[in-house]
Amino acid sequence: MLENILERFSINESNAGVCDGRQFIKTSGKTMASFSPVDGKKVAEVTGLVRAEYDAIIDNAMKAFHQWRIIPAPKRGDIVRQIGESLRVEKEHLGKLVSYEMGKSLQEGMGEVQEMIDICDFAVGLSRQLHGLTMHSERPDHRMYEQWHPLGVVAIISAFNFPVAVWSWNAMIALVCGNVCVWKPSEKTPLAAHACLAIVARVFEKNNILAGVCNLIQGDKEVGEWMASDSRLALVSATGSTQMGKAVNVAVARRLGRCILELGGNNAIIISKDADLNMSLIGAVFGAVGTAGQRCTSTRRLIIHEDVYEDFVNKLKKVYQQLKIGNPLDASNHVGPLIDKDAVNNYLQAIEKIRKEGGSFCIEGGVLEGEKFVSGCYVKPCVAEVKNNFPIVHQETFAPILYLIKYSNIEDAIAMQNDVPQGLSSAIMTLNLREAELFLSHGGSDCGIANVNIGTSGAEIGGAFGGEKETGGGRESGSDAWKSYMRRQTNTINYGSDLPLAQGIKFDF
């Protein structure tokens, strides 16, 4: 099965790590192997690029921008539509590759490709709605308006946990706006990126789109540093850790460039005494163990009212006992592996810190062993009873560790929800209208995403996605996030025979 998928996307033992949107180009950089956390096997290799090859790709992208931007936006949208149609055809194959290379469940792998299809649909409609405003001028016989222009070359740096969807959120919007793209995926999931560009290349070849409009480069941290410091890149959209984002932000700011940063999350669900506990259970468990806790929107903390605490924790224990851990391509399993051994070590270190800081486990963790878990990347989802002021609780551990915290009044719960450095996603489970509205008010959640009666994990394409504080403040995907990929220009037209100055200033000579 896997061999057929690799062949379908022209993935072999040694792949070129660069694509200009029309063809894959052999490069001479470091060779990087992709190992599946599912079974520990090497899938294939890709080749990175050296600085001269990187510069050639960016220079070619800049040239392509001058041609791509003059194509009418609806025509650009039609190219994106065709990419979406191709993704529909390849959904099963790409979804399986994502699941195998990254380790997320097959349902989640398919869901990630569906997100790509959805953003293509969104971008197609957007291609006919890149509208500005008209304003009344204070000067007679003048008209004022504003319009939006593409920025140029947009750089996309994506993380391993969503190896294809986050690229599409950025790339499809950027393309319809008239920009060209250069994508550096995580070195942990290079093959899924290769497959995406293979799909794009077929569409571009069919439509005779010039090389350089949609580019892929493969590489390690050094390549990301080149991108952050490169003044030819008008916008750098980076997804990853807060530490990485801070480094990117400094480098881009030094050259007065633009950033979209989607960084760490430390997301909480408040479970009210007026909550539907069964509904709350679904949101909490999926949020905590989905993608083995490796989503930026994963649920890290449950802040539970003292009146329902014991009842809810008992329900939680019963559900955790029913979780099936194993090969994510088997749809009967709920939890797959962590991405690699480093992630497992971080998980174990976090468990040790919880104990040292005074926490106790009501559901124990640990690394799973045996033939089913041969990669060494499978761990037990665990649940710890803690206090919100524990240092470990304020850190993001990319693993299925869930913290339980007790509260007595809603104001305290919201304060605890906000009392972490990150500000991505948040939720409250309540049937109390006053609590729900308080949570959504200016004195409520300080996160970019605030939900009522759904969990923290996941997002719909139609809404802008992103967070505050150490999550970076960026927004991508839906709503008016397209404006981040364009520059605003104010225009004034004088259609009269005089030249009156603003504010009534007289300048006679």
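1. Pairing and the model. Two strands count as paired here if DSSP finds at least two bridges between them. The structure is a predicted model. Strand S6 and strand S7 (residues 142-150) run antiparallel and are joined by four bridges. For His136, the bridge partner in S7 is Arg143.

2. The sheet around S7. An open sheet is built from three strands, ordered S6-S7-S24, with antiparallel pairing. S6 (133-136) and S24 (486-494) are the edge strands; each has a single partner strand, so one side of each has no neighbour in the sheet. From one strand to the next, the twist averages 25°.

3. The chain as a whole. There are 13 helices and 24 strands in the chain. Its radius of gyration is 24 Å, close to the 23 Å given by the globule rule for 509 residues, so the chain is as compact as a globular protein of that length. Along the principal axes, the C-alpha atoms fill a box of roughly 80 × 60 × 40 Å.

4. Buried residues make up 55% of the 509 in the chain. Among contacts in the chain with a separation of 6 or more, 74% are between residues 24 or more positions apart.

5. Helix H5. This helix covers residues 165-176, 12 residues in total, and spans 17 Å from its first C-alpha to its last, close to the 16 Å expected at 1.5 Å a residue. Of those 12 residues, 12 are buried, so the helix is largely enclosed by the rest of the structure. The buried residues include Trp167, Trp169, Asn170, Met172 and Leu175. After H5 comes Gly178, which has a positive phi near 105°.

6. Ser168, within H5. Ser168 is found in helix H5 and counts as buried, because its relative accessibility is 0% and the cut-off for burial is under 20%. Setting aside neighbours within four places in sequence, the contacts of Ser168 are Met116, Ile119 and Ile173. Ile173 is itself one of the buried residues of H5.

7. Val176, also in H5. Val176 has its place in helix H5 and is buried at a relative accessible area of 0%. Not counting residues up to four places away in sequence, Val176 touches Ala73, Arg76, Gly77, Val80, Ala123, Leu126, Ser127 and Leu130. Val176 and Pro150 are 26 residues apart in sequence, with a C-alpha to C-alpha distance of 9.2 Å. Pro150 falls in the range of strand S7 (residues 142-150).

8. Helix H6. Residues 190-206 form this helix of 17 residues, which reaches 25 Å from first C-alpha to last, close to the 24 Å expected at 1.5 Å a residue. H6 is mostly covered, with 14 of its 17 residues buried.

9. Phe204, within H6. Phe204 sits in helix H6 and is buried, with a relative accessible area of 0%. Not counting residues up to four places away in sequence, Phe204 touches Gly21, Arg22, Ile79, Ile83, Ile209, Val213 and Cys214. Phe204 and Lys184 are 20 residues apart in sequence and 20 Å apart in space, C-alpha to C-alpha.

10. Asn215, in strand S10. Asn215 lies in S10, which covers residues 214-216. Is Asn215 buried or exposed? Asn215 is buried, with a relative accessible area of 1%. Leaving aside neighbours within four places in sequence, Asn215 is in contact with Cys19, Asp20, Ile57, Ala61, Cys181, Val182 and Trp183.

11. Strands S13 and S14. S13 (residues 267-271) and S14 run parallel and are joined by five bridges. Across this pairing, Ala268 stands opposite Arg301 in S14. In S14 (residues 299-305), seven of the seven residues are buried, so the strand is largely enclosed by the rest of the structure.

Methods
Residues numbered from 1 in each chain as written. Predicted model: local features only at pLDDT ≥ 70, side-chain atom pairs only at ≥ 80, totals over all residues. Heavy atoms only, no water. Helix = DSSP H or I, 4+ residues; strand = E, 2+ residues; numbered from the N terminus. Axes fitted to C-alpha atoms, helices over the stretch in contact; angles between N-to-C directions. Expected span 1.5 Å × (residues − 1). Buried < 20%, exposed > 50% of the residue type's maximum accessible area, 1.4 Å probe, protein only. Rg over C-alpha atoms; globule rule 2.2 N^0.38 Å. Contact = heavy atoms within 4.5 Å.
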